[in-house]
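Student: I'm new to this structure and would like a close look at one part of it. Could you walk me through it slowly?

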Amino acid sequence: MSIQKLACVLFLSLNFGVPQLQPPLAADILFYESFDYTTGDPLNGLNGGTGFKSAWSGDSQFEISELDFSYQDSQGNVADIRGKTVAGQGGIRTTVRELNVFDGGPSEIWGSIALTGRDGSAAGFANFSIEEKIFIGQGYKDTQGTHWALSDDSGSLADSGVEATGDAFLITKMTCDSDDKLDKIWVWLNPDIESMPDVSSSFTGASGIDVTGTGAICSKISFGLGDESTGISHILFGTSF
C-alpha cells in the first residue's frame, strides 16, 4: 500500500466533482497520531494512535480542540486529515511521546505533519521534533522563528523562505544508517500529494540535509506550540510513500 493510500476507508476514488481526498501519507505505518480524543480533554496521559510506547507527557496546558486544519494542493487533491487539533496555549510549551523501538529498522522513512503557524511572526512557535534534536516547522527547541524550516537544536539547517502563516502540510523523507541513526532529511512544504514528490522540489535541496552529527534516532517525538493561533492536527510516519 502506497503512503498516500493509508487504508481503503480513507480513500475516496469516486467523488462526483468533489476534490479528491488523498489520505494523509503513510503506508506500512510506523507511528500515527490524529489526536482523535474527546474535545476539551487534557493531552497529558492520552495514549491513542499507533506505534507508541507511552502516552503523551509534558506541558499540562495542552488540550484537545475541534479539528482546525485543511489542505488542498495545487492539483485540487485534498488531504484527508481527520481527528482533532491540539492548539497552543501561550508561551513556548512542549510535550513528548516515546515510540516503539526501531531496532534494525527501516533505511528510509516518510512522514507528514499538519501544523498551524503564527502568521509569520518572529514570535511564532509551531514545530514537530525527533528526540528534540531535529525540528520541522516554525522555531526550534526554545527559540521562536518566522519561517517554516528544518532545524537542529542549535539553529536552522534549511529555511523555506516562506512565512509560517496559517496551515502547513509538511512532508519529510529521512534515511537512516546501519545504526538506525538519522542520516539525511528532505522536507517539502505544501507539495502536491497525489504522487511521491521529487527531491529537487524540497526546500532542503535535492541532496537533502546531512544530520548525522545530531545522533538522532527515532526513539521519541515531541511537538512545541506557542500562542492560541498555533496548532498541530496530524503526525504520520511510515516506510514508503
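Student: Let's start with Glu 108: does Glu 108 count as buried, exposed or partly exposed, and what is its relative accessibility?

Tutor: Keep in mind that this is a predicted model. Glu 108 has a relative accessibility of 29%, so it counts as partly exposed. Buried would need under 20%, and exposed over 50%. Its salt-bridge partner is Lys 173, with 3.8 Å between the closest N and O atoms. Glu 108 belongs to strand β8 (residues 108–117) and Lys 173 to strand β13 (residues 166–176), so this pair links distant parts of the chain, 65 residues apart. Lys 173 comes out at 14% relative accessibility, and therefore counts as buried.

Now let's step back. A search of the whole structure turns up seven salt bridges. Another one joins Glu 33 and Arg 97, whose closest N and O atoms are 2.8 Å apart. Since Glu 33 sits in strand β2 (residues 27–33) and Arg 97 in strand β7, the pair ties together parts that are 64 residues apart in sequence. Both Glu 33 and Arg 97 are buried.

Then there's the salt bridge between the side chains of Asp 227 and Arg 118, at 3.0 Å from N to O. Here, too, distant parts of the chain are linked: Asp 227 is in the loop between β16 (220–225) and β17 (231–240), while Arg 118 is in the loop between β8 and β9, 109 residues apart. Asp 227 has 22% relative accessibility, so it counts as partly exposed. Arg 118, at 27%, also counts as partly exposed.

Next, look at the strands. The protein has 17 of them and zero helices. Seven strands make an open sheet, ordered β3-β7-β16-β9-β10-β11-β12, with antiparallel pairing. The edges are β3 (57–58) and β12 (155–163); each has a single partner strand, so one side of each is left without a neighbour in the sheet. At the β3 end, two bridges join β3 to β7 (residues 93–98), and these two run antiparallel. Gly 58 has Thr 95 in β7 as its bridge partner.

On one side, β10 pairs with β9 (residues 126–130) in the antiparallel sense, over five bridges. In that pairing, Ala 126 has Gln 138 in β10 as its bridge partner. The β9 and β10 hairpin has three residues between the strands, and Glu 131 there takes a positive phi near 60°.

On to β11 (residues 143–152), which runs antiparallel to β10 and is joined to it by six bridges. Phe 135 stands opposite Ser 151 in β11. These two strands also form a hairpin, this time with two residues between them, and Lys 141 in the turn has a positive phi of about 45°.

Finally, the whole protein. Of its 241 residues, 51% count as buried. Among contacts between residues at least 6 apart in sequence, 63% join residues at least 24 apart. The accessible surface comes to about 9,800 Å², and 47% of that belongs to carbon and sulfur atoms.

Definitions and conventions:
Residues are numbered from 1 along each chain as its sequence is written. This is a predicted model: local features need pLDDT of at least 70, side-chain atom pairs count only at pLDDT 80 or more; totals for chains, interfaces and linings use all residues. Side-chain values use heavy atoms; hydrogens and water are left out. Two strands pair if DSSP finds at least two bridges between them. Helices (H or I, at least four residues) and strands (E, at least two) are DSSP runs, numbered from the N terminus. A salt bridge is a side-chain nitrogen of Lys or Arg within 4 Å of a carboxyl oxygen of Asp or Glu. Buried means under 20% relative accessible area, exposed over 50%, partly exposed in between (1.4 Å probe, protein chains only). Contact means heavy atoms within 4.5 Å. Accessible areas come from the Shrake-Rupley method with a 1.4 Å probe; for residues, only the protein chains shown count as cover.
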